[in-house]
Amino acid sequence: MSPQAASPAATSLPGGISPDTGQPGFGVYLHWPFCAAKCPYCDFNSHVRHAGVDQQAFVRAFEREIATMREMSGPRVVTSMFFGGGTPSLMAPDTVAAILDAVRAAWVVPDGIEITLEANPSSVEATRFRGYREAGVNRVSMGVQALNDTDLRQLGRLHDRAEALKAIGLAREIFPRMSFDLIYARPGQTLEAWEQELEEAIGLAADHLSLYQLTIEEGTPFFGLHKAGKLVVPDGETSADLYELTQRVCESHGLPAYEVSNHARPGAESRHNLTYWRYGDYAGIGPGAHGRLLTAQAKIATATERHPETWLARVAEHGHGMVETSELSAAEQADELLLMGLRLREGIDLKRWSSLSGRTLDPDRTEFLIGHGLIEQTAPDRIRCTPDGMMVLDAVVADLA
């Protein structure tokens, strides 16, 4: 793939970010695994280090693992970068700048690609926003999660409503693009309360919102409380009503869902997340990161050591922290494409799916799902889930696969 073929279009969106080309792309995901505190609902790979973190040691390890990933992938043109976590906004701006420099040294990085950093809206972290912008970050995604102090405390967040509002305002001032997350279907949440909160969030948002239903994940403190009956969340019917309300309200304000939980004004969709859902390639770098890389031999799934200090030692010894590199068969790739692509409002390209799977979709199953209003054909070679289908997405994918 040549740089000329993969470079984004010349016309830029406000803030100098290149527009979406519609192609899967090649993303670079960078995982910073440290948090100031572990939220009780979170099952992500995040770790608390009260004694502090040697950021320079981790920068050196990131540099080495990036170089190893470059050897595996060969020359590529990066279409997006994403710092996830954990809490990347605990990094010093110089740390972010050094890691971005390492990516630029490894692959071709055109001007105007989307570079996102996840942040928590505490006042201390928000003061670093200008430093991140100077380092090259042009999009920030903030974990607000709720807009009232009672629910923020219940969710284990370290910020309050006032800090969230201040951070949102600062992000809108500094970054060309900004998004924030909210969690709904929280304990005791009513349709009326969520609608009011969602209306406020849309008024605060620039062009993108990520809205997730609270899920009780095994191994988290919330799981134990829920199992003991001490944490009661909305039942299935109420959760479905909350989801439908979310779609309706966002759509009416010009923020339609382009993916199950993500809403954006047209043109402001997350380029990096589109790479996942369009089943593009991405290098997963840092403790606990996953990747999908097309090498000279095959498409492989990668996974790195989750424990930060163990990852650091592995990188020092081997030049990378990978603990898994498995070749994906064509059938496995087709299944992943189906699973990821049907999350998108744009759906999937059937020609691409058939070229991977070596077959066509079962016409009887397709007709059944169309007849029940769960999928629809939007072009001769493209299908997508309907809004009703999105409600039972896992079952639709299983039926088609």
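Predicted model: local features only at pLDDT ≥ 70, side-chain atom pairs only at ≥ 80, totals over all residues.

1. Residues are numbered from 1 along each chain as its sequence is written, and side-chain values use heavy atoms, leaving out hydrogens and water.

2. The domain assignment, with bounds from an automatic or database source, gives domain 1 (26-277) and domain 2 (331-400). Their C-alpha centres lie 28 Å apart, and twelve residues from domain 1 and eight residues from domain 2 form the contact (heavy atoms within 4.5 Å).

3. About 940 Å² is buried between domain 1 and domain 2, with 59% given by carbon and sulfur atoms; buried area is the accessible area (1.4 Å probe) that two parts lose on being put together, summed over both. Y243, V260 and W277 supply 47% of what domain 1 buries against domain 2, more than any other three residues.

4. Helix α8 (residues 191-204) and helix α10 (residues 236-252) have axes that come within 10 Å and cross at roughly 30 degrees, which makes α8 roughly parallel to α10 (angles under 35 degrees). In this contact, W194 and L198 are among the α8 residues, and L245 and V249 among those of α10.

5. Helix α15 (residues 363-371) packs against helix α17 (residues 393-400) at about 155 degrees, with the axes 9 Å apart, so α15 is roughly antiparallel to α17 (angles over 145 degrees). Here R365, T366, F368 and L369 in α15 meet V396, D399 and L400 in α17.

Conventions. Axes fitted to C-alpha atoms, helices over the stretch in contact; angles between N-to-C directions. Helix = DSSP H or I, 4+ residues; strand = E, 2+ residues; numbered from the N terminus. Parallel < 35°, antiparallel > 145°, perpendicular 65-115°, else oblique.
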